[in-house]
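Here's a quick briefing to read alongside the model. Have the sequence and the 3D view open as you go.

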Amino acid sequence: MKNSEQHQNLDGKFARYIIVTIFVLITLIIIISIAKSKSKTVNNNLSLNVDTFREEIIFGDIKIKLNSDIFSHEQLQNEIKEKDLIDFLNANIKKGDTIIYTSFDIGVQQLLMAKLVSQSGKVYVFNPIESYSNAIAFSAKINGFENRIMTKSVSVSNKKFDGLIVYKNGTSESDGILHEANYKLSNGYNALKVKVSTIDELCPQLQNVNFLRISVTNNVSKIIQGAQNLINRSPNIQIIVDYDADKTKDLTAIEQLKKQGFNMYILRKNAKLDYLIDINKIEEHQAILVIKK
């Protein structure tokens with residue numbers, strides 16, 4: 001009886017120990033999560049060791065090198081699924097075209113563009129995140145596109161300054177908002193230091209550009225404002241803009257382009273264009289084409 005009671009007591013103590021341990025662990029996890037959600041960090045914009053990149057094949061034969069982060073994996077899947085935009089690129093980009101691409105992307109559609117423009121074309125990629133810019137340049141090299149894709153780690157706006165991309169804890173830099181370097185960071189937010197310039201300053205000699213691809217959703221008007229001279233020097237330019245009803249708040253620059261003879265169209269599958277009268281009626285993420293037609 002005593003042995004049985006002793007075993008029962010030990011089992012009871014062990015069960016209580018397990019319960020207390022689990023409670024303590026859960027409490028620690030909650031405390032750490034709360035602490036992280038309220039923390040704030042300003043990070044330097046650093047490149048990564050290319051030996052850590054993993055390789056995948058896209059669009060049949062293009063090799064792409066990816067960072068190991070979750071965003072790179074998700075971005076790869078998202079960009080490949082954009083059939084409407086990919087159909088348009090395949091149908092409209094020609095050998096010898098000149099393209100400017102500003103984004104937070106990892107290089108999926110930039111590599112496709114480089115293949116389409118062939119040796120006589122150029123794709124200028126401006127990406128504020130050094131590690132992604134580094135990965136795109138490496139992907140270009142292994143495909144033999146290094147003379148077609150020109151990369152620079154810079155954020156694009158309507159003026160030149162030192163900036164911060166500010167984003168909530170638990171999200172990626174691609175969801176961030178661009179601010180000047182003296183911006184006061186709030187608890188629960190991180191920031192990435194970036195250099196900021198305009199397309200006009202980055203491409204002062206370029207003219208007759210065929211495509212301006214703006215693959216961001218929260219700084220569209222300022223990017224267009226900072227590219228006005230290039231747009232004026234490129235009478236047949238086609239501007240492709242990402243629109244997100246939840247994130248794209250200012251498209252006044254596109255309204256100004258309409259006064260210069262540009263029209264807006266929604267890209268559809270099979271490279272079909274739907275004329276867009278009222279942009280406020282779009283309720284989802286959508287690629288918009290701005291052209292003179």
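**Around S103**

Beyond its neighbours within four places in sequence, S103 is in contact (heavy atoms within 4.5 Å) with Q110, F126, N127, P128, S215 and V216. This is a predicted model, where local features need pLDDT of at least 70, side-chain atom pairs count only at pLDDT 80 or more, and totals for chains, interfaces and linings use all residues. Residues are numbered from 1 along each chain as its sequence is written, and side-chain values use heavy atoms, leaving out hydrogens and water.

- S103 sits in strand β4; strands (E, at least two residues) and helices (H or I, at least four) are DSSP runs, numbered from the N terminus.
- With 1% relative accessibility, S103 counts as buried (under 20% relative accessible area, 1.4 Å probe, protein chains only).

**Helix α9**

- A253, I254 and L257 are the buried residues to look at in helix α9 (residues 252–259).
- These residues lie on the same side of α9, because they cover an arc of only 100° around the axis (taken from the directions from the helix axis to the C-beta atoms).
- An α-helix has 3.6 residues a turn, so residues three or four places apart point the same way.
- Among the elements covering the buried residues of α9 are α7 (220–225), α8 (228–232) and β12 (238–243), along with β13 (263–267) and β15 (286–291).
- After α9 comes G261, with a positive phi near 100°.

Methods
Buried means under 20% relative accessible area, exposed over 50%, partly exposed in between (1.4 Å probe, protein chains only).
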